[in-house]
Structure formats: structure tokens, C-alpha cells
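Work through the exercises below with the coordinates open. Try each task before reading its solution.

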Amino acid sequence: MPHPSRRHVLAAASAVLMVPLAPLAVQAQTFPDKPLRLSVGFPPGTGPDVVARLLAQKLGELLKQQVVVDNKAGAGGQIAAQSVAKSTPDGYSLLLGEVGSIAIAPPAFSKLPYDPVRELVGLSEVVRADFLLVVPATSPHKTVADLVKASKARSDRTNIATFGAGTPGHFGAELFADAAGFKIEPIHYRATGDAVTAIIAGDVAAAFVSTALGAAQIKGGKMRALATTAAQRSPLLPDVPTFTEAGMPSIDFSAWFAVFAPVGTPAAVLDQLNRQIVAAVQAPETRAKLQEAGFSVLGTSRADTERMLKAEATRWAAAVKATGFKGD
């Protein structure tokens with residue numbers, strides 16, 4: 001029997017090494033050939049859910065496959081993030097991730113059941129949402145200065161509602177109180193609807209809510225907005241001053257929403273998804289609906305998304321350290 005040549009040995013070895021990669025390579029060539037799932041960590045009717053459904057509708061049209069929105073509410077978006085982080089990296093399981101579960105949770109929770117850096121890859125930042133400091137419509141406070149003065153005069157802490165420990169609204173409240181020089185008692189609600197009900201009923205003194213969530217309630221006379229974290233006044237609420245105008249320029253933060261896939265998803269699939277996600281959010285009809293809902297519409301490249309994620313991780317790690325918050 002002739003001795004195999006070195007060329008034949010190398011060829012055989014290469015073939016063996018390529019076998020595990022073949023299924024994903026084939027899938028990438030035919031992607032997508034079945035429905036996709038877009039997980040969102042908040043209930044139907046919330047701001048994140050609105051973004052997910054508008055994105056899924058247009059993305060499905062562009063991909064010529066159904067994109068199903070999967071609401072995995074709870075733990076400030078962590079349940080949805082964990083689900084996608086542990087899923088098969090084939091491009092069919094996506095996450096509409098947000099600042100809380102991706103940037104704030106890692107430094108705040110020592111036992112986080114997923115690692116955003118090692119297990120998730122950012123595809124595109126799709127929208128941003130600024131926040132409003134709101135009080136019940138029955139509150140005597142008409143300005144930020146009114147709320148600060150009353151809070152400083154209290155013998156106990158000021159109750160401020162949040163949509164969960166470690167969420168942007170929670171940290172916004174902590175940073176606001178620290179800058180203003182008073183103490184708060186954050187009241188963490190598991191359901192967004194429960195927190196909104198508490199604010200409207202006057203069970204809490206104030207809260208930070210996204211413009212997308214709060215605008216309708218404010219226009220309906222159920223809440224009063226004292227200031228916005230945006231650099232400029234919102235076109236939805238032009239009478240609401242910015243924190244800079246209210247004399248507190250350091251209160252400057254927003255919530256962002258980006259699409260993620262599990263690490264290990266083929267690069268060709270990631271690139272295709274990025275192109276179609278950007279096209280979906282920038283489509284005139286989708287853009288108009290997102291803006292009407294109170295969001296700033298983006299649609300970024302993979303490289304720009306990764307740069308944003310690194311900057312936000314640094315920013316919120318510093319905020320977590322400053323407040324001393326520990327989620328577990």
C-alpha cells in the first residue's frame with residue numbers, strides 16, 4: 001500500500017476540521033428559511049414592546065420571513081437577555097436589549113446568569129428614549145426646585161417609583177437625589193403597569209419614566225412632568241424644561257435599545273441582519289411611527305454599535321460604583 005503523501009494528509013485533516021463548521025455555513029447560505037424570534041424583556045404595551053413590534057413587522061417584510069415578538073418580562077429585562085444569550089447561535093434568536101440588562105446589570109449584579117460581552121454580539125442600536133421626571137397630577141410640586149426643596153425638608157426618605165432595581169430610571173433617581181442633596185427610598189415595581197398606577201394614584205412622590213411611556217399620561221392630565229433628561233425639549237412635550245434649564249445639567253441620561261444575537265452566529269448572518277435592521281428602522285413609515293411614540297430613531301453599523309456598548313459599559317459601571325448599589 002503506497003504511503004500517503006503530505007498533501008493528502010493535510011487535505012484529510014482539513015476536511016475533518018471543517019466538518020463541525022459545515023452546518024452553520026450551510027445555514028448562513030440559506031438564511032433565513034424559517035421564522036425568527038425577537039425577545040423583549042418587558043410586557044406588551046410598554047415602550048420596548050412598541051419598538052420590538054414595529055421593528056419585527058418591517059424586518060419580517062424585508063427578510064421575507066415572520067419575526068415573532070416574544071415577551072419574556074421580568075427582572076428588568078434579564079430573563080430575555082439570558083434566554084437569547086444561551087440560545088443556538090444561528091441568527092434565528094434575537095434580543096431587543098436595552099441599557100439596563102446589557103450595561104447596568106453586569107456591574108450591579110454579581111450573580112448575573114449571562115455575560116453580555118462574552119455571550120451576546122450587538123447588531124444595531126435602533127432607538128433611544130429620553131426620560132422625564134414625573135410627579136402625580138395631584139402633587140403640589142410644579143418644578144424640580146419644588147420637589148428638591150420638599151425632599152430636603154423631609155425627616156424621612158422620598159419614595160420614588162422604579163420599573164425594577166438596576167434599571168435606568170432607578171439609577172436616574174439615585175443620581176438625581178445625590179446631585180440635589182437628599183435621600184430617596186426606591187420603590188421597585190415588577191410590572192410597568194403597577195408602577196404607572198402607583199404614580200397616578202399618588203402612592204409615590206415621583207419617578208423617572210421614558211418620554212415614550214409618559215407622554216400620553218401627561219397629556220391626559222394623569223401625571224405632571226417636571227423636566228426631561230434630553231439635551232433639548234421634546235417636540236411631544238414642548239412645555240417641559242430640560243434638566244439643564246432647571247439648573248441641573250449633570251442629569252443627562254437616556255435609555256437605548258439595540259438588537260443582539262448570540263456570540264458564535266456566522267458573520268455573514270450578522271452582516272445580513274444588520275443591513276436589514278437598519279433598513280427596517282429607517283424605512284419612512286417605521287421611522288415616523290417610532291418618532292410619534294417618542295423615540296429617537298438610529299440604525300447603526302455593527303462597528304458603531306460595539307463602540308457604543310463599550311462606552312456605555314464604562315459610563316454605567318461608574319454610575320453603579322457612585323451609588324453603591326448592589327442587586328444581589
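The exercises that follow use a predicted model.

**Exercise 1. Placing T167**

Task: Find where T167 sits, decide whether T167 is buried or exposed, and list what T167 touches.

Solution: 
- Start with the chain trace. T167 belongs to the loop between β5 (158-162) and α8 (168-180).
- Next, take the accessibility. The relative value for T167 is 7%. Buried means under 20%, so T167 counts as buried.
- Then check the side chain. One of its polar atoms lies 2.6 Å from the backbone oxygen of G164. The cut-off for a polar contact is 3.5 Å.
- Finally, skip residues up to four places away in sequence. T167 then touches G76, I104 and T162.

**Exercise 2. Two helices**

Task: Work out how helix α3 (residues 47-63) is oriented against helix α12 (residues 284-292), and name the residues that meet.

Solution: 
- Classify the angle. Over 145 degrees counts as roughly antiparallel, so α3 is roughly antiparallel to α12.
- List the contact. From α3 come V51, L54 and K58; from α12 come E285, T286, K289 and L290.
- Sort by class. The contact has 3 nonpolar, 1 polar and 3 charged residues.

**Exercise 3. Aromatic rings**

Solution: 
- A pair of aromatic rings is described by the distance of the centres and the angle of the planes.
- Locate both rings. F253 lies in the loop between β8 (223-228) and β9 (254-262), and W316 in helix α13 (residues 302-323), so the pair ties together parts 63 residues apart in sequence.
- Check burial. F253 counts as buried at 4% relative accessibility, and W316 as buried at 2%.
- Widen the view. The count of aromatic pairs comes to 12.

**Exercise 4. Placing S83**

Solution: 
- Read the accessibility. At 24%, S83 counts as partly exposed.
- Leave aside neighbours within four places in sequence. S83 is in contact with R37 and K72.
- Compare sequence with space. S83 and G41 are 42 residues apart in sequence, and their C-alpha atoms are 9.9 Å apart.

Note on methods
Residues are numbered from 1 along each chain as its sequence is written. This is a predicted model: local features need pLDDT of at least 70, side-chain atom pairs count only at pLDDT 80 or more; totals for chains, interfaces and linings use all residues. Side-chain values use heavy atoms; hydrogens and water are left out. Helices (H or I, at least four residues) and strands (E, at least two) are DSSP runs, numbered from the N terminus. Buried means under 20% relative accessible area, exposed over 50%, partly exposed in between (1.4 Å probe, protein chains only). A polar contact is a pair of N or O atoms within 3.5 Å; within protein, one must be able to donate a hydrogen and the other to accept it, and residues adjacent in sequence count only if both atoms are side-chain atoms. Contact means heavy atoms within 4.5 Å. Axes are lines fitted to C-alpha atoms, for helices over the stretch in contact, and angles run from 0 to 180 degrees between N-to-C directions. Angles under 35 degrees count as roughly parallel, over 145 as roughly antiparallel, 65 to 115 as roughly perpendicular and the rest as oblique. Ala, Val, Leu, Ile, Met, Phe, Trp, Tyr, Cys and Pro count as nonpolar, Asp, Glu, Lys and Arg as charged, and the others, Gly among them, as polar. Rings of Phe, Tyr and Trp (its six-membered ring) pair if their centres lie within 6.5 Å; planes under 30 degrees apart count as stacked, over 60 as edge-to-face and the rest as tilted.
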